[in-house]
Amino acid sequence: MELPELSENAVPSDPVDLWDWAYLYCWNDWLAKLAEISLPEKWDFSPSDWDERGDRPRYAILANYLKYTFWRLEHEGKVRENPASGFAAFNTGLVDRSYESIFACFEANDRETARQRWVLLGFYRAGEARVGDRLVRTFNPLPKRARYLRRLEDVLYDLDQVPLLDYNHILLDNIDRLPHKLFDRELSDSPECLEHVTVAFCGKSDNEKRRKAFDQLRALLTEDRVRWLRLKNALDTAVDLALERVKWSYRTAVPAYYPRANSVNLLLPLDLTEDEEPDMALVLECTDSGSYIGQTILTTQMAYCDARLICRPGVEWLEATFES
């Protein structure tokens with residue numbers, strides 16, 4: 001007898017990580033196999049993301065996708081396990097060229113000292129080969145896809161609303177995500193600030209030195225009201241422009257999954273350097289009252305990864321991430 005699906009409230013609030021749940025041997029080889037059988041798409045941002053030889057993709061986006069798809073499925077109680085038959089599986093949410101679902105399949109880890117309960121068998125379609133046949137014989141119905149979108153507000157931005165921004169978190173806590181050109185423009189009359197900016201953005205080989213430079217820059221901005229207001233105004237201007245873009249095309253606001261909060265938010269493109277190309281993404285949470293809070297900012301690569309968990313974004317401002 002099939003057990004009913006757990007409601008979201010019945011699922012543990014802190015799901016286990018995929019790597020703690022299963023032993024993922026030959027992981028890079030399996031990622032390559034999954035990329036080969038699923039609908040074609042880009043799973044790395046640029047050749048610089050490839051392996052040390054520079055001739056094989058690392059599939060960084062795909063690895064991130066599987067990690068947090070599993071996370072969501074755990075929240076929803078959709079990771080299927082059958083200890084009696086020593087078999088487990090989950091729906092990857094990806095499909096092949098015939099739009100057949102692809103499942104991640106596992107067998108019980110029989111090592112007595114094993115940390116993970118399961119071992120990856122690979123990625124299969126239902127009924128495909130021995131493992132796909134075992135999948136069908138073990139689970140009826142088959143494991144379901146993760147579900148993210150449950151209300152209209154998850155997809156469409158309410159144009160009657162003006163978001164309230166968490167300026168301190170965006171501009172200070174995440175100061176290292178802001179573009180170099182923004183500081184060069186807004187802090188050009190402060191040699192002290194620019195000195196820290198130069199160290200923070202040019203000393204990439206010394207992480208500790210960069211961290212201290214960002215800390216010092218953060219402290220200066222906290223005390224310097226004039227330059228702090230310049231950064232706030234630059235952010236407000238970028239948000240206003242983003243909202244105009246949403247008015248022109250509702251698809252500009254992209255739904256994305258935020259795993260740690262297990263929530264769906266909207267992403268808006270921010271052009272903070274005024275070069276007509278988005279530098280960052282603003283994360284908007286739609287509250288129960290219908291108002292929006294601008295929680296934080298993401299790099300465009302981070303934004304793409306979060307958006308890809310729901311579906312392939314297919315919008316120009318995120319697709320441009322691959323052009324570098």
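Reply: Start with burial: buried means under 20% relative accessible area, exposed means over 50%, and partly exposed is in between (1.4 Å probe, protein chains only). By that rule K78 is buried, because its relative accessibility is 10%.

Me: What kind of model is this, and how are residues numbered?
Reply: This is a predicted model, where local features need pLDDT of at least 70, side-chain atom pairs count only at pLDDT 80 or more, and totals for chains, interfaces and linings use all residues. Residues are numbered from 1 along each chain as its sequence is written, and side-chain values use heavy atoms, with hydrogens and water left out.

Me: What does the protein average for pLDDT?
Reply: The average is 89, and 93% of the residues score at least 70. pLDDT is the predictor's confidence in each residue, from 0 to 100. Over residues 1–12 the pLDDT is below 50, and this stretch has 17 contacts (heavy atoms within 4.5 Å) beyond near neighbours in sequence. Where pLDDT is low, the predicted coordinates should not be read in detail.

Me: Back to K78. Which residue does K78 form a salt bridge with?
Reply: With E76; their closest N and O atoms are 3.3 Å apart. A salt bridge is a side-chain nitrogen of Lys or Arg within 4 Å of a carboxyl oxygen of Asp or Glu. E76 is buried, at a relative accessible area of 3%. K78 and E76 belong to a network of salt bridges that also links R72 and R150.

Me: How many salt bridges does the count come to?
Reply: The count is 19. One of them joins R125 and E128, with closest N and O atoms 2.9 Å apart. R125 is buried at 18% relative accessibility, whereas E128 is partly exposed at 26%.

Me: Where do E244 and K247 lie?
Reply: Both are in helix 9 (residues 225–248), three residues apart, about one turn of the helix. Helices (H or I, at least four residues) and strands (E, at least two) are DSSP runs, numbered from the N terminus. E244 and K247 form a salt bridge, with closest N and O atoms 3.2 Å apart. E244 is partly exposed, because its relative accessible area is 45%.

Me: New topic. Is helix 10 mostly covered or exposed?
Reply: Mostly covered: seven of the nine residues in helix 10 (residues 300–308) are buried. Among them are Y304, C305 and D306.

Me: Last one: where is R80?
Reply: R80 is in strand 2 (residues 80–82), and R80 is buried at 19% relative accessible area. R80 and L142 are 62 residues apart in sequence and 8.7 Å apart in space, C-alpha to C-alpha.
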